[in-house]
Amino acid sequence: MLRGPGMKALTIYQKTKQYRRIPVWISRRNSGANWLYGQVPLNSLSEFQVSIEGKTETREDLIALTGLYIDKGNLCKHKPWSAKQGCPSSCKCEYFGEGKDKKIQVTGIDLLSVPRNLPLNTGAVDMSFNILLRLSENCFQNVSSVKTIDLGKNLLQRPIRGMLDGLSTIEVLGLRSNQIERLEYGVFENKSNMTHLYLQDNELKKLPEGLFEDLSELKVLDLSGNKLTTVSKGTFKGLKSLEYLAAVFQRPNDVDAWTICALRSSDELSGPRKAEKILSHLICPNGYVMVRKDRNGIRAGGGVAVTCRKDWKIKVINANGQFEFETLWCKITTPNSEFFAASVYHPPDPIYEAADLLNFPSETCDQILYDDPNAKIVIAGDINQLKIKDLTQQHGLHQMVKVPTRRDKILDVFLTNCPLLWKPGKVHKGLVRSDHLAVTVLPSIPAKPQRKYVSFRDTRDHRKIAMETKLSAFDWNSINNLANPEKSVKLLNTSLWSMLNEIFPLVRVRVSSRDPPYISSLVKHLCKVRNKTAHQVLKEKSFVTPKLDVVNYTSFPLDVVVLSSDAEKNARKIYLIDRGPHGQMMSLNDPRNDSCCGRNIVFSFYALNVSEPGGNITFGCEPGWYRAGISCFLFCKTSTFKWSDARTFCHRSNADLAVLNDASTLDPVANRRRELKFDIHGGIYLGLTVQSTDWVWTDGQMVSNTNNLWGPGEPSGDGKCGTFLNAIGWSSDWVGYGWRWNDQPCN
């Protein structure tokens with residue numbers, strides 16, 4: 001009881017060892033003398049404490065408690081007649097409805113998970129536009145009377161089976177605009193009262209069999225905006241009351257010509273009565289246009305249709321033909337040809353004579369070929385054992401479907417008088433419930449994509465903000481202070497156009513008819529910018545390492561000593577950075593300021609005797625390698641190698657023995673040798689050997705007899721392998737020559 005003239009508040013808290021106390025029940029009043037009954041669900045996997053706090057405004061105020069007890073289970077054994085529960089601190093609760101139908105609507109604010117202590121008489125839950133990542137089992141178990149739950153605009157990825165347990169009365173469920181990639185079988189189990197289900201704008205690719213089998217009262221199902229490619233047989237089984245279905249299936253990439261299909265009523269969608277309400281834009285692929293002829297009369301609820309690319313022209317012909325036949329003739333005009341296409345369906349129990357149906361396409365073919373003897377004709381559809389031998393012989397038609405389409409019989413046809421234009425028909429399991437296999441006949445030569453340049457302005461939100469900032473910072477007095485109105489208007493026009501071109505640049509890109517629907521002109525432009533930026537990043541001066549193996553010590557500079565910490569004086573910190581498809585990079589600086597490499601550090605270590613790369617040193621080469629000309633070079637010091645062993649060593653490092661065939665390459669390498677103090681008494685192997693009587697580099701270049709870099713008196717016949725050295729220390733003949741080639745034994 002809360003009694004008295006002032007404001008009073010009673011709060012019940014629950015606290016575990018790991019978390020601070022959380023309010024689970026709150027009541028605030030400023031009058032009344034009646035007892036207020038209430039019950040609070042307490043959920044915890046560990047020990048917890050319950051504390052009760054009362055606050056009064058005046059001394060006359062009174063707060064009294066009686067009959068406190070704890071029951072095990074989801075609900076109290078003896079539910080008080082006026083049980084009332086407080087609103088979770090992270091939610092907003094409002095009443096709606098009148099009398100016995102009065103319920104609470106709970107609206108979540110900045111939620112990471114569904115609160116456990118929702119009011120018992122909750123009728124609607126709105127937790128859209130939050131940060132929900134996942135839903136646990138029985139997360140709504142204490143609000144069994146809820147009818148509407150909206151979880152749209154969150155980050156949900158995979159709703160689990162059991163999340164809706166106990167919600168037998170739910171009618172509307174919204175899961176739009178999340179990141180749902182998969183729905184488990186049974187997630188909608190025992191939800192026979194559900195009438196509206198919104199799953200649009202997610203990442204769904206396929207739907208399991210029997211997913212909706214318990215939704216017998218579902219009227220609206222929205223699956224648009226997903227990536228559906230596969231629907232299992234029986235997916236829509238049980239949807240007896242469905243009135244609206246929105247779903248777009250992505251078309252196969254290799255189907256780029258026009259297609260012919262027969263629209264039939266689906267038993268899964270409650271027969272013809274529901275099929276009448278299917279709109280063309282719900283079943284026609286993006287980028288295509290459809291013409292259709294719906295069934296009328298007793299057998300209403302199906303029909304035939306012809307679809308073709310949107311950039312082609314399609315026109316219905318012979319529209320005054322027999323309406324009792326399910327046949328639709330169209331003329332399709334492509335950029336370089338014309339086709340006359342017919343979609344035909346012959347039902348098992350027709351209301352007409354079979355001969356009459358055959359006469360209709362035969363007469364149409366006669367009329368088309370009379371006007372144009374070279375006309376290209378295609379007749380496709382389900383003929384159900386109709387005898388078409390006379391039709392094919394009379395007009396020179398060829399059947400492109402050679403494999404059974406229903407059991408062991410060929411009931412679906414693709415007849416054409418130009419068989420060389422088409423590949424043999426292929427059959428595969430369709431997406432709709434049918435005992436027929438789907439038929440695909442592709443052109444021998446795919447249709448050429450239509451390409452064109454389009455221009456547009458980049459008007460993304462950040463550019464709008466930049467424009468607003470630019471306008472607010474502009475000095476408008478420079479325009480207002482002009483005495484001449486014409487000059488003011490001209491300056492205003494020039495200034496606005498300048499800002500427009502600067503903030504909203506005009507972009508020109510080439511688009512193709514084969515571009516997927518989600519590749520808009522802006523997306524294509526951004527991809528082009530990204531690729532250009534990535535290409536520029538590769539040209540930046542850095543330790544670029546396409547195939548860096550951190551275990552192989554030869555990948556590091558010879559004068560680097562790896563340390564475990566920076567305790568050693570003069571140690572430098574080195575970062576190994578992963579740049580994705582652009583390879584890895586060794587950096588001596590903090591990469592957090594590098595726009596291309598932030599937050600991609602693989603690991604770091606400390607090393608001694610590390611110097612900054614400068615000029616053209618190590619530009620574009622792995623650590624320890626030196627760039628000269630167009631190649632990278634590494635010095636390796638050992639006394640046990642033969643020439644063949646040296647080359648094998650190079651191959652293990654994805655390299656080869658050095659080719660120093662000109663002074664512009666040999667001189668920088670020689671300077672690097674002096675910098676490394678790589679002074680040995682003898683030569684260093686090069687990729688140079690004798691083949692027959694000619695000296696040949698490992699890249700296939702032959703050494704010229706006149707223009708070469710042999711030392712004095714070389715080759716002297718000492719061996720058949722090339723080295724490079726400076727023998728001035730022991731031979732006066734080398735004075736003035738510097739570093740040159742020399743021949744010596746290969747072992």
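Tutor: Four strands make up an open sheet, ordered 37-36-38-39, with antiparallel pairing. Strands here are DSSP runs of E of at least two residues, helices are runs of H or I of at least four residues, and both are numbered from the N terminus. Two strands count as paired if DSSP finds at least two bridges between them. Strand 37 (694-697) and strand 39 (740-744) are the edge strands, each pairing on one side only. On average, neighbouring strands of this sheet are turned by 40° against each other, direction ignored. Axes are lines fitted to C-alpha atoms, for helices over the stretch in contact, and angles run from 0 to 180 degrees between N-to-C directions.

The model is predicted: local features need pLDDT of at least 70, side-chain atom pairs count only at pLDDT 80 or more, and totals for chains, interfaces and linings use all residues. Residues are numbered from 1 along each chain as its sequence is written, and side-chain values use heavy atoms, with hydrogens and water left out.

Within the sheet, strand 36 (residues 684-691) pairs with strand 37 in the antiparallel sense over four bridges. Valine 690 stands opposite tryptophan 695 in strand 37.
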